Amino acid sequence: AAFLLTACAPSPPKNENDICEIFREYPSWFWAAQASQARWGIPMSVQMAIMYQESHFKGNAKPERMKLLGFIPWSRPSTAYGYSQALDGTWSEYQTENGTGGHRSDFDTAIDFLGWYCHRAHVKAGIPVNNSYALYLAYHEGIGGYSRGVYKNQPYLMTIARRVQNQANIYHKQILKCQHSLPKKKSWSFF
């Protein structure tokens, strides 16, 4: 059972700040990010920066438990889970709309979910596909919450969104330099 869990959710990359090193370590992540970018039109640098912020590339990530009386582990604040920290309801909506199974602990499905959600934010809220700051705010607060501007009273969240924007800019510059040297997917590959 431990092997299957490891196979589904590998260890986080050794260098989370370098998208080229991430994709060299996990070539299948590069192929999945390329596919999501092609399908949804959201740059892989934006998707990867959001994933980095949400889970630090941990396939089994969950929010920390709240504490009862300050020290007794209690319930979690949300149903967020996996690489994308997708909530149960939003994940179900994604699966229904796209006719897909998949798990939140599966990188390929999680990156496609991120592309899908950011594409929805682009369509519904008019956020440009490369505006990682606004896309992150819509991802975190929901598209309706973003449209109502609920984040404006949350300075800490805007600081995090700026961090995501900075990471997306770094990833974008890195991928421009290494994209053509990254491993190509073999057309006969089943994995």
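Modeller: Contact means heavy atoms within 4.5 Å. By that rule, and leaving aside residues up to four places away in sequence, Glu16 touches Ile22, Tyr52, His56, Phe57, Gln167 and Tyr171. This is a predicted model, in which local features need pLDDT of at least 70 and side-chain atom pairs pLDDT 80 or more, while totals for chains, interfaces and linings use all residues. Residues are numbered from 1 along each chain as its sequence is written, and side-chain values use heavy atoms, without hydrogens and water.

Colleague: Where is the place of Glu16?

Modeller: Glu16 belongs to the loop between α1 (2-8) and α2. The helices are DSSP runs of H or I with at least four residues, and strands are E runs of at least two, numbered from the N terminus.

Colleague: What makes Glu16 a residue without a salt bridge?

Modeller: A salt bridge needs a side-chain nitrogen of Lys or Arg within 4 Å of a carboxyl oxygen of Asp or Glu. For Glu16, the nearest side chain of opposite charge is Lys58, at 6.0 Å. That distance is over the limit, so no salt bridge is assigned.

Colleague: Why is the pair Glu16 and His56 called a polar contact?

Modeller: Their side chains are joined at 3.1 Å. The pair qualifies because a polar contact requires N or O atoms within 3.5 Å, one able to donate a hydrogen and the other to accept it.

Colleague: What makes α7 mostly covered?

Modeller: Of the 10 residues in α7, 8 are buried, among them Tyr133, Leu135 and Tyr139. The cover over these buried residues includes α4, α6, α8 and α9. After α7 comes Gly142, with a positive phi near 85°.

Colleague: Which residues touch the most other members of the largest nonpolar core?

Modeller: They are Phe23 and Met48, in a core of 54 residues. Such a core is a set of buried Ala, Val, Leu, Ile, Met, Phe, Trp, Tyr and Cys residues joined through side-chain atoms within 4.5 Å. Helices that each supply at least two residues of this core include α2 (19-25), α4 (44-55) and α9 (155-178). Phe23 touches Met48 itself, and also residues including Trp29, Phe30 and Ile175.

Colleague: How many helices and strands does the protein chain have?

Modeller: The protein chain has 9 helices and 2 strands, in the order α-α-α-α-β-β-α-α-α-α-α from the N terminus. Buried residues account for 45% of its 191 residues.

Definitions and conventions
Buried < 20%, exposed > 50% of the residue type's maximum accessible area, 1.4 Å probe, protein only. Lys, Arg positive; Asp, Glu negative; His and termini not counted.
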